[in-house]
Structures are given as C-alpha cells and as structure tokens.
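Here is a short tour to read beside the sequence and the model. Keep the 3D view open and follow along topic by topic.

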Amino acid sequence: MNYIPLKAGTFQMGDTENRGFIEDHESPCVTKEVQAFEMAETTVTNEEFKRFVDETGYQTTAELIGDSYVFHLLVSPEKRENYSHVSGSSWWLLVPGACWKHPFGPESSIEEILDHPVVHVSLKDALAYCEWAGAGLPTETQWEYAARGGTSTQYPWGEELEQDGKYHANTWQGEFPNQNSELDGFLGTAPVKSFEPNGYGLYQMIGNVWEWCINHRGIPFEDIEANAEAPLNLEVEYAIRGGSFLCHCSYCNRYRVAARNGSPWNSTASHLGFRCIRPLGGQ
C-alpha cells in the first residue's frame with residue numbers, strides 16, 4: 001500500500017451552496033486546521049484485504065452473520081427472486097454467503113477483481129485491518145481535506161460531474177436503480193486506479209465505494225476531533241464519505257466532496273469499503 005504525505009493546512013469544510021440534505025448537516029462551513037498525515041492513495045483492495053485475512057485468520061462481520069447486502073443488478077436475474085430485500089429499497093438484496101471474498105453471492109469470487117476495492121466490510125472489520133497494518137481510519141475532517149486535493153470546488157476536478165467531455169469518477173449513469181448505461185465503463189466497482197488522482201495524488205475519493213470514517217455521523221464540524229477520540233460506540237452510526245458507484249442525482253447526490261453520510265457500525269454491502277491513514281512518516 002502506497003501512502004501519500006499530506007502537509008498541514010487550513011481549509012473551508014462543508015457546503016457553501018446548500019446542495020446537501022438538511023439532515024446531513026453540511027453547512028454552515030467552518031475553517032478547519034489539519035495536522036500533517038499520510039493517506040493511502042487508494043481504498044484497501046481485495047488483494048490487500050486477502051493478505052490480512054491469510055495472515056490473521058480474521059472473520060468479517062458478514063461472514064459471522066452469514067449474509068450481506070448485494071446490489072440487485074450484480075446478482076444474476078434468475079436468482080434475484082430468491083432473496084429478501086430492504087423495505088423501500090428493493091435494489092438491495094440480502095444474500096446468504098455474500099461477503100468480502102464472495103462479493104455477489106456464495107458462488108462468486110474475487111479472483112478476477114483483486115485490484116477492486118474490498119467491500120462488505122463493517123467498521124469493525126476496517127478497524128481490525130488498520131490495527132494489523134499499523135494504520136487508522138480518517139476523521140471526516142481529514143477525509144474532506146484530502147479529498148479536496150487543494151481545491152474548493154464541488155468535486156476534486158471542478159464544478160461538473162462530467163467535465164471536459166469525460167467521466168472522472170465511478171457513479172451511476174442512466175435511470176436509477178434499474179438501468180445503468182455504464183458510460184463511465186462500470187456497473188459495479190472499478191479497479192482502484194481507474195480514474196485520474198486528485199491534486200494530492202489520491203485515487204477515487206469520489207464514487208466507487210463509500211469510505212468509513214472514525215467519528216459519529218452528522219455531528220457538528222467543531223466536534224469531530226474530540227468525537228474521534230471517544231471509545232467505539234455501537235449504539236450510533238458512524239460517518240461514511242465519498243459516495244459510490246450507485247450515486248445518482250435523482251436519488252443521492254452525496255458524491256460531492258462536502259457530502260456527508262453515515263451507517264451503523266455493522267453495515268456490510270456491495271458499496272462499502274475504507275481507506276487507511278497514518279501519522280506522517282508512518283510512525
């Protein structure tokens with residue numbers, strides 16, 4: 001895993017144009033100071049997570065529970081009716097046997113997608129990997145500072161999702177959730193280096209998979225650092241950032257740099273991964 005050193009700096013955190021959901025508390029913006037740190041240039045890949053499991057024998061939350069949520073178009077049509085789905089979100093199928101090494105169901109594998117982000121990982125799984133790797137998870141402040149790549153625009157590359165006649169991230173094109181034109185090249189996850197990096201050299205901070213953060217969901221910006229030091233609380237939701245391959249303006253516009261979201265610690269699904277950080281110099 002390659003880490004990118006990020007210098008200390010100050011930035012405006014949050015959304016200046018009220019483009020988010022009120023309940024996500026993206027505004028008003030605040031000025032945040034960030035100490036220097038290092039961030040992995042990509043999310044953790046299937047290959048990297050496999051190395052962790054091979055060395056430790058770790059069993060993930062999805063493996064212990066016995067199932068996980070798979071996006072319906074990633075399951076073969078003849079099997080979709082076999083699984084229950086989330087009430088009000090029929091595109092999520094609860095698939096027995098789905099987990100990080102069987103991302104689409106028990107008969108699937110990661111052999112052909114080792115360079116894709118690992119998915120179906122809970123917050124607990126991400127923290128276990130980080131402990132093994134001598135790393136940690138970012139706070140929302142660190143994540144947004146890194147994702148902006150030195151910019152103040154809606155996306156790391158500018159103000160438009162499709163800019164300069166090309167796609168810069170793996171998101172949804174078409175009519176969500178049943179028709180994806182795949183104009184960006186992907187129905188599900190993409191290899192972690194499929195699009196150009198941001199100004200700091202970090203790949204796919206927007207789209208592809210949601211990324212776990214270490215503070216609670218939707219808390220005031222000023223409270224993030226103190227909150228991140230608190231013991232793990234399994235009664236609250238934790239922040240996730242960046243959006244995923246499922247994000248579309250008709251349903252979820254949370255692929256913006258400032259967008260906030262969250263999930264229970266034990267959530268596992270086809271679009272949920274993580275990225276590591278560590279102190280500058282790896283110490």
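The notes below go through a pocket, a helix, the aromatic rings and some backbone details.

This is a predicted model, in which local features need pLDDT of at least 70 and side-chain atom pairs count only at pLDDT 80 or more, while totals for chains, interfaces and linings use all residues. Residues are numbered from 1 along each chain as its sequence is written, and side-chain values use heavy atoms, with hydrogens and water left out.

**The largest pocket**

- The largest pocket has a volume of about 670 Å³.
- Trp-92, Ser-263, Ser-267, Ala-269 and His-271 are the closest to its centre among the 30 residues that line this pocket.
- Strand E5 (67-71), strand E7 (89-96) and strand E14 (261-264) are the elements that give two or more residues to the lining; strands (E, at least two residues) and helices (H or I, at least four) are DSSP runs, numbered from the N terminus.
- The lining of the largest pocket divides into 17 nonpolar, ten polar and three charged residues. Here Ala, Val, Leu, Ile, Met, Phe, Trp, Tyr, Cys and Pro count as nonpolar, Asp, Glu, Lys and Arg as charged, and the others, Gly among them, as polar.
- A pocket is found on a 1 Å grid over the protein atoms alone, as an open set of points where a 1.4 Å probe fits, with protein on both sides within 12 Å along at least five of seven lines; lining residues have an atom within 4 Å of a point. Grid points are joined across faces, edges and corners, and the volume is the space filled by probe spheres set on the points.

**Helix H4**

- Helix H4 (residues 140-148) is mostly covered, with nine of its nine residues buried; buried means under 20% relative accessible area, exposed over 50%, and partly exposed in between (1.4 Å probe, protein chains only).
- Among the buried residues of H4 are Trp-143, Glu-144, Tyr-145 and Arg-148.
- Gly-149, which follows H4, has a positive phi near 60°.

**Aromatic rings**

- The whole structure holds 20 aromatic pairs, where rings of Phe, Tyr and Trp (its six-membered ring) pair if their centres lie within 6.5 Å, and planes under 30 degrees apart count as stacked, over 60 as edge-to-face and the rest as tilted.
- The Phe-52 and Trp-132 rings have their centres 5.4 Å apart and their planes at 50°, so the pair is tilted.
- This pair links distant parts of the chain, with Phe-52 in helix H1 (residues 46-56) and Trp-132 in helix H3 (residues 123-133), 80 residues apart.
- Phe-52 is buried at 2% relative accessibility, whereas Trp-132 is partly exposed at 31%.
- Tyr-129 and Trp-132 also form a tilted pair, with ring centres 5.4 Å apart and planes at 55°.
- Both Tyr-129 and Trp-132 lie in helix H3, three residues apart, about one turn of the helix, and Tyr-129 is buried, with a relative accessible area of 3%.
- Phe-49, Phe-52, Tyr-58, Trp-100, Tyr-129, Trp-132 and Phe-274 are linked by ring pairs into a cluster.
- Arg-278 has its charged end over the ring of Tyr-3, 3.9 Å from the ring centre; this requires NZ of Lys or CZ of Arg within 6 Å of the ring centre and within 35 degrees of the ring normal.

**Backbone details**

- Most residues other than glycine have a negative phi, and most peptide bonds are trans.
- The peptide bond from Ser-27 to Pro-28 is cis, with omega near 0°, and Pro-28 is in the loop between strand E2 (9-13) and strand E3 (30-34).
- A cis peptide bond also runs from Phe-176 to Pro-177, with omega near 5°; Pro-177 is in the loop between strand E10 (174-175) and strand E11 (179-180).
- Asp-164 is not a glycine but has a positive phi of about 60°; this residue is in the loop between strand E8 (162-163) and strand E9 (166-167) and is exposed at 66% relative accessibility.
- Asn-208, not a glycine either, has a positive phi of about 70°, and with a relative accessible area of 3% Asn-208 is buried.

**Around Ala-258**

- Ala-258 is in the loop between strand E13 (237-241) and E14, and is buried, with a relative accessible area of 4%.
- Leaving aside residues up to four places away in sequence, Ala-258 touches Gly-14, Asp-15, Glu-26, Glu-144, Arg-148 and Arg-241, where contact means heavy atoms within 4.5 Å.
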